[in-house]
Amino acid sequence: MNVAQKEILIKLALVEGKAIREATQVANVNESTARNIIAAYRREGTIIQRPCGGSHRQKLTPEILERIEEVVERCPVATLQQIKQRLEEDQIVLSKSTIFNGLAKLMITLKKCHRELDRVNSAATIASRQAYALDFSTRVPENKAKCIFIDESGFNLHLRRTQARSRRGTRANVVLPTVRGRMVTLIVAMSNEGIVHSKIINDGTCNGVKFCAFIRELVARLRERKEMNGAWLFMDNARTHKMGELRDIMASSPYELKFLSPYSYMLNPAENVFSKVKASAKRILSGPEGEQTLSGVIQESVGTVSQQDCANFVINMMSKLPMAAAGQPYVH
(Lines give C-alpha, C1' and ligand atoms only; values in the text may rest on other atoms or scores of the structure.)
Protein backbone atom coordinates (compact mmCIF):
# COMPACT_ATOMS: atom_id res chain seq x y z
CA MET A 1 0.00 0.00 0.00
CA ASN A 2 1.33 3.42 -0.96
CA VAL A 3 1.22 6.70 0.95
CA ALA A 4 -1.51 8.13 -1.30
CA GLN A 5 -3.92 5.32 -0.35
CA LYS A 6 -3.20 5.88 3.34
CA GLU A 7 -3.77 9.65 2.98
CA ILE A 8 -7.16 9.05 1.31
CA LEU A 9 -8.13 6.59 4.02
CA ILE A 10 -7.16 8.97 6.86
CA LYS A 11 -8.97 11.91 5.20
CA LEU A 12 -12.21 9.99 4.67
CA ALA A 13 -12.30 8.23 8.03
CA LEU A 14 -10.94 10.87 10.39
CA VAL A 15 -11.49 14.22 8.65
CA GLU A 16 -14.77 13.65 6.83
CA GLY A 17 -16.06 11.14 9.39
CA LYS A 18 -17.07 8.46 6.91
CA ALA A 19 -17.57 4.89 8.07
CA ILE A 20 -14.54 2.60 7.95
CA ARG A 21 -16.16 0.28 5.39
CA GLU A 22 -16.99 3.16 3.04
CA ALA A 23 -13.50 4.67 3.43
CA THR A 24 -11.82 1.35 2.66
CA GLN A 25 -13.85 0.91 -0.53
CA VAL A 26 -12.85 4.35 -1.81
CA ALA A 27 -9.18 3.94 -0.85
CA ASN A 28 -9.17 0.33 -2.13
CA VAL A 29 -7.74 -0.96 1.16
CA ASN A 30 -8.49 -4.12 3.15
CA GLU A 31 -10.72 -3.31 6.13
CA SER A 32 -8.47 -4.98 8.69
CA THR A 33 -5.43 -3.18 7.29
CA ALA A 34 -7.35 0.09 7.31
CA ARG A 35 -8.15 -0.23 11.01
CA ASN A 36 -4.46 -0.81 11.77
CA ILE A 37 -3.44 2.25 9.74
CA ILE A 38 -5.99 4.46 11.49
CA ALA A 39 -4.92 3.15 14.91
CA ALA A 40 -1.28 3.85 14.09
CA TYR A 41 -2.15 7.38 12.90
CA ARG A 42 -4.04 8.12 16.11
CA ARG A 43 -1.12 6.77 18.13
CA GLU A 44 1.75 8.41 16.24
CA GLY A 45 0.05 11.49 14.80
CA THR A 46 1.54 10.77 11.38
CA ILE A 47 1.32 8.24 8.57
CA ILE A 48 3.75 5.34 9.13
CA GLN A 49 5.31 4.04 5.93
CA ARG A 50 7.22 0.81 6.46
CA PRO A 51 9.72 -0.45 3.88
CA CYS A 52 8.41 -3.08 1.49
CA GLY A 53 9.84 -6.50 0.91
CA GLY A 54 10.91 -7.26 4.45
CA SER A 55 14.39 -6.86 5.88
CA HIS A 56 17.30 -7.37 3.53
CA ARG A 57 19.08 -10.20 5.25
CA GLN A 58 22.24 -11.74 3.91
CA LYS A 59 22.77 -15.27 2.68
CA LEU A 60 24.91 -17.96 4.28
CA THR A 61 28.05 -17.49 2.23
CA PRO A 62 31.25 -19.39 3.17
CA GLU A 63 32.65 -16.14 4.58
CA ILE A 64 29.58 -15.60 6.80
CA LEU A 65 29.66 -19.23 7.95
CA GLU A 66 33.29 -18.75 8.92
CA ARG A 67 32.38 -15.64 10.91
CA ILE A 68 29.57 -17.53 12.70
CA GLU A 69 32.06 -20.24 13.61
CA GLU A 70 34.50 -17.62 14.99
CA VAL A 71 31.76 -16.07 17.15
CA VAL A 72 30.83 -19.47 18.61
CA GLU A 73 34.48 -20.36 19.23
CA ARG A 74 34.98 -17.15 21.19
CA CYS A 75 31.83 -17.69 23.25
CA PRO A 76 30.45 -21.26 23.09
CA VAL A 77 27.55 -20.37 25.42
CA ALA A 78 26.25 -17.53 23.23
CA THR A 79 22.52 -17.70 22.43
CA LEU A 80 21.19 -17.29 18.89
CA GLN A 81 20.23 -13.71 19.80
CA GLN A 82 23.75 -12.97 21.09
CA ILE A 83 25.30 -14.47 17.94
CA LYS A 84 22.92 -12.31 15.87
CA GLN A 85 23.97 -9.18 17.74
CA ARG A 86 27.68 -9.92 17.36
CA LEU A 87 27.28 -10.51 13.62
CA GLU A 88 25.40 -7.21 13.28
CA GLU A 89 28.44 -5.47 14.73
CA ASP A 90 30.22 -6.61 11.54
CA GLN A 91 27.30 -5.46 9.36
CA ILE A 92 26.11 -9.06 8.89
CA VAL A 93 22.31 -9.18 9.23
CA LEU A 94 20.83 -12.64 9.67
CA SER A 95 17.65 -13.95 11.24
CA LYS A 96 17.96 -16.36 14.14
CA SER A 97 16.55 -19.17 12.00
CA THR A 98 19.24 -18.52 9.37
CA ILE A 99 21.92 -18.57 12.06
CA PHE A 100 20.48 -21.87 13.32
CA ASN A 101 20.72 -23.29 9.79
CA GLY A 102 24.29 -22.01 9.54
CA LEU A 103 25.23 -23.76 12.76
CA ALA A 104 23.73 -26.96 11.35
CA LYS A 105 25.89 -26.59 8.21
CA LEU A 106 28.94 -26.18 10.45
CA MET A 107 27.86 -29.26 12.44
CA ILE A 108 27.78 -27.14 15.60
CA THR A 109 25.08 -28.42 17.93
CA LEU A 110 23.80 -27.31 21.30
CA LYS A 111 25.05 -29.60 24.04
CA LYS A 112 24.95 -29.54 27.78
CA CYS A 113 28.06 -27.52 28.57
CA HIS A 114 30.69 -28.37 31.09
CA ARG A 115 30.53 -26.48 34.34
CA GLU A 116 33.91 -24.84 33.56
CA LEU A 117 32.13 -22.34 31.30
CA ASP A 118 30.05 -21.22 34.26
CA ARG A 119 33.16 -20.85 36.39
CA VAL A 120 35.04 -18.29 34.28
CA ASN A 121 33.57 -15.53 36.43
CA SER A 122 32.81 -17.39 39.63
CA ALA A 123 33.95 -15.72 42.86
CA ALA A 124 36.67 -18.34 43.37
CA THR A 125 37.97 -17.98 39.80
CA ILE A 126 38.05 -14.18 39.98
CA ALA A 127 39.98 -14.34 43.26
CA SER A 128 42.47 -16.84 41.80
CA ARG A 129 42.87 -14.78 38.63
CA GLN A 130 43.42 -11.65 40.73
CA ALA A 131 46.24 -13.32 42.69
CA TYR A 132 47.82 -14.57 39.46
CA ALA A 133 47.62 -11.12 37.81
CA LEU A 134 49.18 -9.40 40.83
CA ASP A 135 51.99 -11.97 40.94
CA PHE A 136 52.59 -11.60 37.21
CA SER A 137 52.63 -7.82 37.37
CA THR A 138 55.09 -7.64 40.28
CA ARG A 139 57.42 -10.63 39.81
CA VAL A 140 57.53 -11.44 36.10
CA PRO A 141 60.97 -11.12 34.43
CA GLU A 142 61.58 -7.60 33.15
CA ASN A 143 62.56 -9.04 29.77
CA LYS A 144 59.17 -10.22 28.49
CA ALA A 145 60.91 -12.52 26.00
CA LYS A 146 61.52 -14.73 29.04
CA CYS A 147 57.76 -15.31 29.34
CA ILE A 148 57.09 -18.51 27.37
CA PHE A 149 53.41 -19.43 26.93
CA ILE A 150 52.55 -23.04 26.10
CA ASP A 151 49.34 -24.67 24.93
CA GLU A 152 48.01 -27.40 22.65
CA SER A 153 45.03 -27.64 20.30
CA GLY A 154 43.49 -30.26 18.04
CA PHE A 155 42.85 -29.79 14.32
CA ASN A 156 40.69 -31.92 12.02
CA LEU A 157 39.30 -31.99 8.48
CA HIS A 158 36.31 -29.82 9.46
CA LEU A 159 38.75 -26.98 8.72
CA ARG A 160 38.28 -27.62 5.01
CA ARG A 161 35.69 -25.54 3.19
CA THR A 162 33.18 -27.65 1.30
CA GLN A 163 31.58 -24.93 -0.83
CA ALA A 164 32.68 -23.20 -4.03
CA ARG A 165 31.20 -20.58 -6.34
CA SER A 166 29.68 -21.31 -9.74
CA ARG A 167 27.13 -19.81 -12.12
CA ARG A 168 23.49 -20.36 -11.24
CA GLY A 169 22.21 -23.65 -12.63
CA THR A 170 25.68 -25.23 -12.85
CA ARG A 171 27.65 -27.41 -10.50
CA ALA A 172 30.76 -26.16 -8.72
CA ASN A 173 33.27 -28.34 -10.56
CA VAL A 174 36.17 -27.82 -8.18
CA VAL A 175 38.22 -30.80 -7.09
CA LEU A 176 39.20 -30.28 -3.48
CA PRO A 177 42.70 -31.46 -2.60
CA THR A 178 43.17 -34.89 -1.14
CA VAL A 179 44.13 -34.48 2.49
CA ARG A 180 45.63 -37.42 4.36
CA GLY A 181 45.29 -37.57 8.14
CA ARG A 182 42.04 -36.72 9.87
CA MET A 183 43.20 -35.36 13.23
CA VAL A 184 46.41 -33.83 14.56
CA THR A 185 47.38 -31.98 17.71
CA LEU A 186 49.62 -28.92 17.65
CA ILE A 187 51.68 -27.92 20.71
CA VAL A 188 53.10 -24.41 20.70
CA ALA A 189 55.49 -22.47 22.92
CA MET A 190 55.59 -18.76 22.12
CA SER A 191 56.83 -15.44 23.50
CA ASN A 192 56.66 -11.85 22.33
CA GLU A 193 59.62 -12.70 20.06
CA GLY A 194 57.72 -15.34 18.10
CA ILE A 195 57.21 -19.11 18.09
CA VAL A 196 59.92 -20.60 20.32
CA HIS A 197 59.06 -24.24 19.57
CA SER A 198 56.17 -26.18 18.04
CA LYS A 199 55.39 -29.84 17.54
CA ILE A 200 52.70 -31.76 15.67
CA ILE A 201 51.35 -35.05 17.03
CA ASN A 202 49.89 -36.98 14.11
CA ASP A 203 47.72 -39.50 15.96
CA GLY A 204 45.60 -36.67 17.33
CA THR A 205 46.16 -37.18 21.04
CA CYS A 206 48.52 -35.49 23.47
CA ASN A 207 49.10 -37.44 26.65
CA GLY A 208 51.47 -36.69 29.50
CA VAL A 209 54.35 -38.63 27.97
CA LYS A 210 54.17 -36.73 24.67
CA PHE A 211 53.79 -33.41 26.43
CA CYS A 212 56.86 -34.08 28.58
CA ALA A 213 58.80 -34.96 25.42
CA PHE A 214 57.82 -31.56 24.01
CA ILE A 215 58.99 -29.80 27.19
CA ARG A 216 62.36 -31.60 27.03
CA GLU A 217 62.81 -30.37 23.46
CA LEU A 218 61.81 -26.84 24.49
CA VAL A 219 64.22 -26.83 27.46
CA ALA A 220 67.03 -28.05 25.18
CA ARG A 221 66.36 -25.14 22.81
CA LEU A 222 66.28 -22.63 25.62
CA ARG A 223 69.56 -23.93 27.06
CA GLU A 224 71.23 -22.91 23.80
CA ARG A 225 70.40 -19.30 24.69
CA LYS A 226 72.10 -18.28 27.93
CA GLU A 227 70.10 -15.05 28.04
CA MET A 228 66.98 -17.15 28.58
CA ASN A 229 68.12 -18.39 32.01
CA GLY A 230 65.40 -17.57 34.51
CA ALA A 231 62.61 -17.77 31.93
CA TRP A 232 59.07 -18.53 33.11
CA LEU A 233 57.10 -21.26 31.35
CA PHE A 234 53.33 -20.68 31.53
CA MET A 235 50.71 -23.36 30.91
CA ASP A 236 47.16 -24.15 31.97
CA ASN A 237 46.02 -26.60 34.61
CA ALA A 238 45.43 -29.61 32.35
CA ARG A 239 46.10 -32.98 33.98
CA THR A 240 48.87 -33.76 31.46
CA HIS A 241 50.70 -30.60 32.63
CA LYS A 242 50.96 -31.76 36.24
CA MET A 243 52.86 -35.01 35.92
CA GLY A 244 55.72 -35.65 38.30
CA GLU A 245 58.02 -36.19 35.32
CA LEU A 246 57.35 -32.64 34.13
CA ARG A 247 58.23 -31.20 37.54
CA ASP A 248 61.46 -33.24 37.51
CA ILE A 249 62.39 -31.80 34.11
CA MET A 250 61.80 -28.26 35.33
CA ALA A 251 63.57 -28.82 38.66
CA SER A 252 66.81 -29.65 36.84
CA SER A 253 66.52 -26.63 34.53
CA PRO A 254 67.18 -22.90 35.09
CA TYR A 255 63.54 -22.13 34.29
CA GLU A 256 60.44 -21.65 36.43
CA LEU A 257 57.13 -23.46 35.83
CA LYS A 258 54.02 -21.28 36.21
CA PHE A 259 50.40 -22.37 36.00
CA LEU A 260 47.73 -19.98 34.80
CA SER A 261 44.81 -19.38 37.12
CA PRO A 262 41.96 -21.84 36.40
CA TYR A 263 39.51 -21.03 33.59
CA SER A 264 41.64 -18.08 32.44
CA TYR A 265 42.36 -18.93 28.80
CA MET A 266 42.24 -15.19 28.00
CA LEU A 267 45.59 -14.83 29.79
CA ASN A 268 47.36 -17.29 27.48
CA PRO A 269 48.35 -15.59 24.19
CA ALA A 270 49.08 -19.01 22.66
CA GLU A 271 45.30 -19.21 22.15
CA ASN A 272 45.63 -16.41 19.58
CA VAL A 273 48.34 -18.35 17.77
CA PHE A 274 45.91 -21.22 17.24
CA SER A 275 43.29 -18.83 15.86
CA LYS A 276 45.70 -17.56 13.22
CA VAL A 277 46.98 -21.05 12.38
CA LYS A 278 43.41 -22.27 11.92
CA ALA A 279 42.50 -19.36 9.63
CA SER A 280 45.59 -20.01 7.51
CA ALA A 281 44.87 -23.75 7.34
CA LYS A 282 41.35 -23.04 6.07
CA ARG A 283 42.75 -20.93 3.24
CA ILE A 284 45.27 -23.60 2.26
CA LEU A 285 42.71 -26.40 2.38
CA SER A 286 40.36 -24.42 0.13
CA GLY A 287 42.93 -24.64 -2.70
CA PRO A 288 41.98 -26.87 -5.66
CA GLU A 289 45.31 -28.55 -6.32
CA GLY A 290 47.67 -31.15 -4.95
CA GLU A 291 47.70 -33.83 -2.31
CA GLN A 292 48.43 -32.68 1.20
CA THR A 293 48.69 -34.03 4.71
CA LEU A 294 46.79 -32.28 7.47
CA SER A 295 50.00 -32.12 9.50
CA GLY A 296 51.77 -30.50 6.53
CA VAL A 297 49.02 -27.90 6.22
CA ILE A 298 49.24 -27.10 9.95
CA GLN A 299 53.04 -26.87 9.79
CA GLU A 300 52.83 -24.45 6.87
CA SER A 301 50.23 -22.42 8.76
CA VAL A 302 52.46 -22.15 11.83
CA GLY A 303 54.95 -20.40 9.55
CA THR A 304 52.43 -17.61 8.91
CA VAL A 305 52.56 -16.51 12.56
CA SER A 306 55.06 -13.66 12.61
CA GLN A 307 57.11 -12.14 15.42
CA GLN A 308 54.89 -9.07 15.27
CA ASP A 309 51.79 -11.26 15.60
CA CYS A 310 53.19 -12.82 18.77
CA ALA A 311 54.19 -9.43 20.17
CA ASN A 312 50.64 -8.20 19.59
CA PHE A 313 49.15 -11.31 21.19
CA VAL A 314 51.24 -10.75 24.33
CA ILE A 315 50.32 -7.05 24.43
CA ASN A 316 46.64 -7.99 24.13
CA MET A 317 46.99 -10.47 27.01
CA MET A 318 48.74 -7.91 29.20
CA SER A 319 45.96 -5.39 28.56
CA LYS A 320 43.63 -7.77 30.43
CA LEU A 321 45.85 -7.98 33.53
CA PRO A 322 44.77 -4.68 35.18
CA MET A 323 41.10 -5.73 35.23
CA ALA A 324 42.06 -9.18 36.54
CA ALA A 325 44.29 -7.62 39.22
CA ALA A 326 41.40 -5.36 40.24
CA GLY A 327 39.19 -8.42 40.78
CA GLN A 328 36.84 -7.58 37.94
CA PRO A 329 35.00 -10.31 35.96
CA TYR A 330 36.15 -11.18 32.46
CA VAL A 331 34.01 -9.67 29.70
CA HIS A 332 33.99 -11.50 26.35
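Visitor: Leaving aside its neighbours within four places in sequence, which residues is Tyr132 in contact with?

Guide: Tyr132 is in contact with Phe234, Phe259, Leu260, Ser261 and Leu267, where contact means heavy atoms within 4.5 Å. This is a predicted model in which local features need pLDDT of at least 70 and side-chain atom pairs count only at pLDDT 80 or more, while totals for chains, interfaces and linings use all residues. Residues are numbered from 1 along each chain as its sequence is written, and side-chain values use heavy atoms, with hydrogens and water left out.

Visitor: Where does Tyr132 lie, and is it buried or exposed?

Guide: Tyr132 lies in helix H8, which covers residues 123–139; helices (H or I, at least four residues) and strands (E, at least two) are DSSP runs, numbered from the N terminus. With a relative accessible area of 11%, Tyr132 is buried, given that buried means under 20% relative accessible area, exposed over 50% and partly exposed in between, for a 1.4 Å probe and protein chains only.

Visitor: How far apart are Tyr132 and Ala324?

Guide: In sequence Tyr132 and Ala324 are 192 residues apart, and in space they are 8.4 Å apart, C-alpha to C-alpha. For the protein chain as a whole, residues 24 or more positions apart account for 71% of the contacts with a separation of 6 or more.

Visitor: On to the sheet, then: in what order do the strands come?

Guide: The order is E4-E3-E1-E5-E6, an open sheet of five strands with mixed pairing, where two strands pair if DSSP finds at least two bridges between them. Strand E4 (194–201) and strand E6 (256–259) are the edge strands, each pairing on one side only. On average, and with direction ignored, neighbouring strands of this sheet are turned by 25° against each other; axes here are lines fitted to C-alpha atoms, for helices over the stretch in contact, and angles run from 0 to 180 degrees between N-to-C directions.

Visitor: Which pairs run antiparallel?

Guide: Strand E3 (residues 183–191) pairs with E4 in the antiparallel sense over seven bridges, and Leu186 stands opposite Ile200 in E4. E1 and E3 also run antiparallel, joined by eight bridges, and Ile150 has Ala189 in E3 as its bridge partner.

Visitor: And which ones run parallel?

Guide: E1 and E5 pair in the parallel sense over three bridges, with Trp232 in E5 as the bridge partner of Cys147 and Leu233 in E5 as that of Ile148. E5 and E6 run parallel as well, joined by four bridges, and Phe234 stands opposite Lys258 in E6.

Visitor: Which way do the E5 side chains point?

Guide: Trp232 and Phe234 point one way from E5, whereas Leu233 and Met235 point the other way, and all are buried. As for E1, seven of its 10 residues are buried, which leaves this strand mostly covered.

Visitor: Which helices lie across those strands?

Guide: Helix H10 (residues 244–251) lies across strand E5 (232–235) and E6, running at about 140° to E6. Helix H11 (residues 270–285) lies across strand E1 (147–156), E3 and E4, and runs at about 35° to E1.

Visitor: How do H9 and H10 pack?

Guide: Helix H9 (residues 208–223) packs with H10 at an angle of about 10°, their axes being 10 Å apart. The two helices are therefore roughly parallel to each other, since angles under 35 degrees count as roughly parallel, over 145 as roughly antiparallel, 65 to 115 as roughly perpendicular and the rest as oblique. Phe211, Cys212, Ile215, Arg216 and Val219 in H9 meet Glu245, Leu246, Ile249 and Met250 in H10.

Visitor: Changing topic, how many disulfides does the structure hold?

Guide: The structure holds zero disulfides, a disulfide being a pair of cysteine sulfur atoms within 2.5 Å. Cys147 counts as buried at 2% relative accessibility, and Cys310 counts as buried at 0%.

Visitor: What about the phi of Tyr263?

Guide: Tyr263 has a positive phi of about 55°, although it is not a glycine. Its place is in the loop between E6 and H11, and at 28% relative accessibility Tyr263 counts as partly exposed.
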